[in-house]
Amino acid sequence: MNRKVRVRFAPSPTGPLHIGGVRTALYNYLFAKQQGGDFILRIEDTDSQRFVSGAESYIEEALTWLGLTFDEGVSVGGNYGPYKQSERKEIYKKYVAQLLKNGSAYIAFDTPEELDAKRSSVANFQYDASTRLEMRNSLTLPDADVQSLIAEGKQYVVRFKIEPHEDVIVKDAIRGEVKINSSILDDKVLYKSADNLPTYHLANIVDDHLMEITHVIRGEEWLPSAPLHVLLYRAFGWTETMPVFAHLPLLLKPEGNGKLSKRDGDRLGFPVFPLEWKDPKTNEISSGYREGGYLPEAVVNFLALLGWNPGNDEEIMSVDDMVRLFTLEKCSKSGAKFDFEKAKWFNHQYILRKSNSEIVKLFLPVLKEKGIEVSEGCAEQVVGLMKDRVSFVKDLWEQTSFFFVAPAAYDEKTVKKRWKEDSPAQLKELSDVLAGLDDFSVENQEKNVMAWIESKGYHLGNIMNAFRLAIVGEGKGPHMFDITALIGKEETISRLEKAMASIHK
RNA sequence: GGCGGUAUCGUCUAACGGUUAGGACGCAGCCCUCUCACGGCUGAAAUUCGGGUUCGAUUCCCGAUUCCGCUACCA
């Protein structure tokens with residue numbers, strides 16, 4: 001039996017897509033593409049209590065931004081729809097009936113309050129083979145009572161009847177065989193009474209089967225319930241086509257312990273969400289990678305390597321490279337701490353690799369925001385000179401503002417260190433030298449200025465550093481003539497004059 | 001508490017019985033240099049702890065410990 005590989009990413013629209021979820025989506029995508037299979041987006045909105053409006057569109061927008069396109073899903077359709085679980089209620093009802101009929105499941109009337117009472121009175125209470133006969137369910141109640149309770153509209157849930165004392169084996173592509181004894185599993189609720197929807201467990205198995213999913217690649221938090229899922233496949237008689245499981249390690253907090261969570265990001269100063277998110281209820285804003293100035297390629301590359309590696313020393317990889325090299329076997333088993341510094345480094349690498357014109361497109365809006373009107377060509381030259389110094393496009397402004405506006409003040413420390421007694425006089429001479437130049441190219445400036453310095457026997461460093469202070473306002477930046485050639489003769493001389501007039505020690 | 005998973009530099013990881021335990025981020029130093037960066041080079045930095053198995057364990061097995069997850073009519 002050779003089935004076409006089909007994988008799904010199945011988030012719940014209970015909030016913005018977490019960066020850990022993004023990685024799960026990415027691994028599913030890489031695996032699907034590598035196997036020539038399909039990548040499906042399924043929305044698991046079976047928790048009506050926690051539903052958050054806007055979350056679903058956020059998920060799609062985030063995946064789109066990252067370039068993780070899916071072959072089937074709510075917005076693109078497909079032959080296995082609907083792709084939103086709340087639209088599949090009738091389907092689940094049919095399959096629950098099947099389990100009820102074959103004795104794998106039963107109806108339970110215990111209310112949440114009754115269960116809470118039980119849990120607080122009985123230590124370690126669990127609804128399972130050892131306790132189910134003390135509860136109010138179709139196993140203990142006479143058939144007629146069950147029917148009449150249902151007829152009078154009593155709320156009930158459907159529970160999965162787990163037979164104890166069996167070692168259930170879960171075959172995991174990353175972890176090998178995981179064995180759990182069925183006795184520790186409880187009779188999970190498959191169908192809720194509260195919102196008349198199935199629970200994750202039921203919906204997940206039914207959908208994966210119906211959508212012909214071949215590989216379930218999901219977070220490690222699902223490992224403990226994987227045996228339950230295996231048992232469900234068996235109860236339905238779908239063991240033959242049960243997907244291969246692969247449980248991914250979790251993304252951990254960068255410092256201390258625990259799973260990376262929503263709060264960590266803004267507390268530690270980096271995003272945990274792909275896109276900025278505004279909570280519709282509290283209006284609280286959580287920062288996103290996109291708004292933080294990250295390039296989607298960098299985010300994808302960084303994330304891919306958090307829990308997987310191609311087995312060589314390559315770190316900068318295109319999506320195509322990753323698709324080619326990806327294997328579940330090379331995924332690690334232990335959680336990975338999130339390293340913000342490394343994420344920055346990846347972004348820097350991608351800025352370096354992008355053409356100047358691509359960076360300019362991203363930089364122009366920043367310039368506009370600062371009220372700078374320049375030609376694209378000019379901005380492109382600045383970018384070419386400066387992009388290797390930044391990790392983020394938005395940092396370019398801080399590094400390059402002196403190209404566009406004359407310094408309003410002179411850095412005190414630099415003045416102290418670089419502004420000498422004879423600096424004003426020397427800069428006056430320099431100004432004259434430059435003023436006499438018709439050709440203000442880098443080469444011609446350099447030739448003439450060097451000749452002048454040499455003829456006067458001046459110290460090169462003293463001249464150039466004072467010059468830099470006058471033009472830039474502080475002791476930083478690329479080679480001086482690269483700057484002056486770009487800002488032009490007039491601007492250069494005017495800045496020199498301003499400096500001579502206003503810098504005093 | 002119970003159950004499961006996990007364990008190599010600070011961090012991400014390589015080494016699938018034999019290596020001076022490799023790479024990357026970060027850190028330090030040096031070089032480059034008109035400054036600041038970038039870049040290049042060099043360096044410090046790790047096999048959780050016990051037991052086994054083996055001629056030989058980072059690697060295989062057992063135990064402890066660690067950290068993580070699950071333990072809901074949440075996913």
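**View 1. The exposed side of helix α16.** On this side of α16, Ala 425, Asp 432 and Ala 435 are exposed (12 or fewer other C-beta atoms within 10 Å of a residue's own, with C-beta atoms placed from the backbone). This is a predicted model, so local features need pLDDT of at least 70 and side-chain atom pairs pLDDT 80 or more, while totals for chains, interfaces and linings use all residues. Residues are numbered from 1 along each chain as its sequence is written, and chains are lettered from A and ligands numbered from 1 in the order written. Chain A averages a pLDDT of 94 (the predictor's confidence in each residue, from 0 to 100).

**View 2. The buried face of α16.** Ser 423, Gln 426, Leu 427, Leu 430, Ser 431 and Leu 434 are buried (20 or more such C-beta atoms within 10 Å). Helices here are DSSP runs of H or I, at least four residues, and strands are runs of E, at least two, numbered from the N terminus.

**View 3. A three-stranded open sheet.** The strand order is β3-β4-β7, with antiparallel pairing (at least two DSSP bridges per pair). At the edges sit β3 (105–108) and β7 (189–191), each pairing on one side only.

**View 4. Where β3 meets β4.** Four bridges join β3 to β4 (residues 157–160), and Ile 107 stands opposite Val 158 in β4.
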